[in-house]
Amino acid sequence: MKKIFTQGHKLVKRVLLYIILCSSFLSISSTFIQLYADFTDEVTALEQRFLSIESSYLEAISSSLWDFNESLVKQQIEGIVSLPDIEYVEIKTNFDNKYIAGNADIVVEKRESYPIFYGENEIGELIISASYQDIYAKIEQRASVILFGDFVKIFIV
C-alpha cells in the first residue's frame, strides 16, 4: 500500500509540473503576441503623427519662413518636438538658414523629410526624426505587469 501511495505522489508531482509548464508557456506566448500587437499599434500611431505633422505644420512653417519670422519658426519646431516619440526636427532653407530643435544624438528609427513650398517656390526642407525608445519603455512596462499578473495566477492555480 505504501508503494502505491508513493507512485501516486510522483504522478501528482509530474501532473502539477506539466500544468505549470504548459500554463507558463501559454502565458508567455500570449504575452508576446499581445506585446507585438501593442508595438505595431504604437508604430502605427507614430506614422499617424508624421502624417498629422505634414498636414498641419508645413503650411504654417512655410508662411513663417517666407516672412522671415524666425521666432515663430523656432516655436513651431519646438511644438513638433514636444509630440510623443519625436526627438529631433531640422529645417534647412534655400536662404542658407538652419533651424534645429531636439536631441540630434538619438538612435533614429524613423526619419521623414518633407519639402517646404510657399506657393510654387520650394523654400526649404523639414526633416523629422523619431526614436522608438518611448515605445520600447511602454512595451517593457506592459510586459512586466502582464507577466507578473500571469505568474501570480499560475502560482495560485
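Rings of Phe, Tyr and Trp (its six-membered ring) count as a pair if their centres lie within 6.5 Å; planes under 30 degrees apart are stacked, over 60 edge-to-face, and the rest tilted. A search of the whole structure finds five such aromatic pairs.

Before we look at them, a word on the model. It is a predicted model, in which local features need pLDDT of at least 70 and side-chain atom pairs count only at pLDDT 80 or more, while totals for chains, interfaces and linings use all residues. Residues are numbered from 1 along each chain as its sequence is written, and side-chain values use heavy atoms, with hydrogens and water left out.

**Aromatic rings**

Here are two of the pairs.

| Pair | Centre to centre | Angle between planes | Type |
|---|---|---|---|
| Phe39 and Tyr132 | 5.9 Å | 80° | edge-to-face |
| Tyr132 and Tyr136 | 6.1 Å | 85° | edge-to-face |

Phe39 belongs to helix H1 and Tyr132 to the loop between E4 and H3, so their pair links parts of the chain 93 residues apart. (Helices, H or I with at least four residues, and strands, E with at least two, are DSSP runs numbered from the N terminus.) Ring pairs link Phe39, Tyr132 and Tyr136 into a cluster.

Which of these residues is buried? Tyr132 is, at 12% relative accessibility. Phe39 is partly exposed at 23%, and Tyr136 is partly exposed at 33%. (Buried means under 20% relative accessible area, exposed over 50%, and partly exposed in between, with a 1.4 Å probe and protein chains only.)

Elsewhere, the charged end of Lys110 sits over the ring of Phe50, 4.9 Å from its centre. This label requires NZ of Lys or CZ of Arg within 6 Å of the ring centre and within 35 degrees of the ring normal.

**The sheet**

Four strands form an open, antiparallel sheet in the order E2-E1-E4-E3. Strands pair if DSSP finds at least two bridges between them. E2 and E3 stand at the edges with a single partner strand each, so one side of each has no neighbour in the sheet. Five bridges join E1 to E2, and Val89 has Ala101 in E2 as its bridge partner.

**The core**

The largest nonpolar core has 27 residues, and Leu65, Ile86, Ile91, Ile116 and Leu126 touch the most other members. Such a core is a set of buried Ala, Val, Leu, Ile, Met, Phe, Trp, Tyr and Cys residues joined through side-chain atoms within 4.5 Å. H1 gives the most to this core, with eight residues.
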